Amino acid sequence: MVKGIIGRKLGMTQIFSESGNVLPVTVIEAGPCIVVQKKTLDNDGYSVLQLGYSEKKVKRLNKPLNGHFKRHNAIPCVYLKEFEFNNIDDYKEGDRITVDNMFNAGDFVDVTGMSKGKGFAGVVKRWGFRGGPSGHGSMFHKAPGSIGASATPSRVFKGRKMPGRLGGKRVTVQNIEVVEVKPNKNVILLKGAVPGSRNGIIIIKSSVKKGNN
């Protein structure tokens, strides 16, 4: 069954497993989300649920968004995301989706977030190049070196690893294990690290490679 929810990364900590091992976990405030719109194959050409997360004041909405929420009698939300639920008929507009309805401890999920932006970086930091000799007289420490633009082929091939922007991209990490779900706090603990900085918006979906029943 395809499941999904929107959340916010709170940070990282560590907990002890039943066997006494220390587990690094990421704490995510997942939901509650509102079913803002239910799109069907007949009306929209595809079948999805549009979920909203983090309530927003009406006075801060522009006219198109205000009309969208009024049309569906939904609570205004800051973030909107469409999810392809298999059991879309089990939901209706206005329903609240909580994290305990979606996931349980032991499930595997795919997590999407915006990676930390680190600005312009050289090839050593961006791609892990070894660099040149560290001696003072080498004059070649962290430069990229030859890029192959000689008489032949007289151009630089696309995809060449060069200095440039590092991070700040949409990243998905697959097969992350759910360690614990705390429904009273709308919190889910995921094993290991997930993309994004603290307070960054996170999309959690059921794993495409390790399906959850």
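**Cysteines, salt bridges and a charged patch**

Guide: Cys33 is buried, its relative accessible area being 0%. Please keep in mind that this is a predicted model.

Visitor: How many disulfides are in the whole structure?
Guide: A search of the whole structure gives 0 disulfides.

Visitor: Changing topic, how many salt bridges does the structure hold?
Guide: There are 3 salt bridges. In one of them, the side chains of Glu82 and Lys39 meet at 2.6 Å, N to O. Glu82 is in strand β5 and Lys39 in strand β3, so this pair ties together parts 43 residues apart in sequence.

Visitor: What about Glu29, which residue does it pair with?
Guide: Glu29 forms a salt bridge with Arg8, with 3.3 Å between the closest N and O atoms. Glu29 lies in strand β2 and Arg8 in strand β1, 21 residues apart.

Visitor: Which residue pairs with Asp95?
Guide: Asp95 forms a salt bridge with Lys92. Asp95 counts as buried at 19% relative accessibility, whereas Lys92 counts as exposed at 55%.

Visitor: Which residues gather in the patch of positive charge on the surface?
Guide: Lys116, Lys118, Lys125, Lys142 and Arg198 do.

Visitor: Where does Arg198 lie?
Guide: Arg198 is in the loop between β11 and β12, and it counts as exposed, at 61% relative accessibility.

Conventions. Residues numbered from 1 in each chain as written. Predicted model: local features only at pLDDT ≥ 70, side-chain atom pairs only at ≥ 80, totals over all residues. Heavy atoms only, no water. Disulfide = S-S within 2.5 Å. Buried < 20%, exposed > 50% of the residue type's maximum accessible area, 1.4 Å probe, protein only. Patch = residues over 30% accessible without salt bridge, like charges linked within 9 Å, V, L, I, M, F, W, Y side chains within 5 Å. Areas by Shrake-Rupley, 256 points an atom, 1.4 Å probe, with all protein chains shown as cover. Salt bridge = Lys/Arg side-chain N within 4 Å of Asp/Glu carboxyl O. Lys, Arg positive; Asp, Glu negative; His and termini not counted. Charge placed at Lys NZ, Arg CZ, Asp CG, Glu CD. Helix = DSSP H or I, 4+ residues; strand = E, 2+ residues; numbered from the N terminus.
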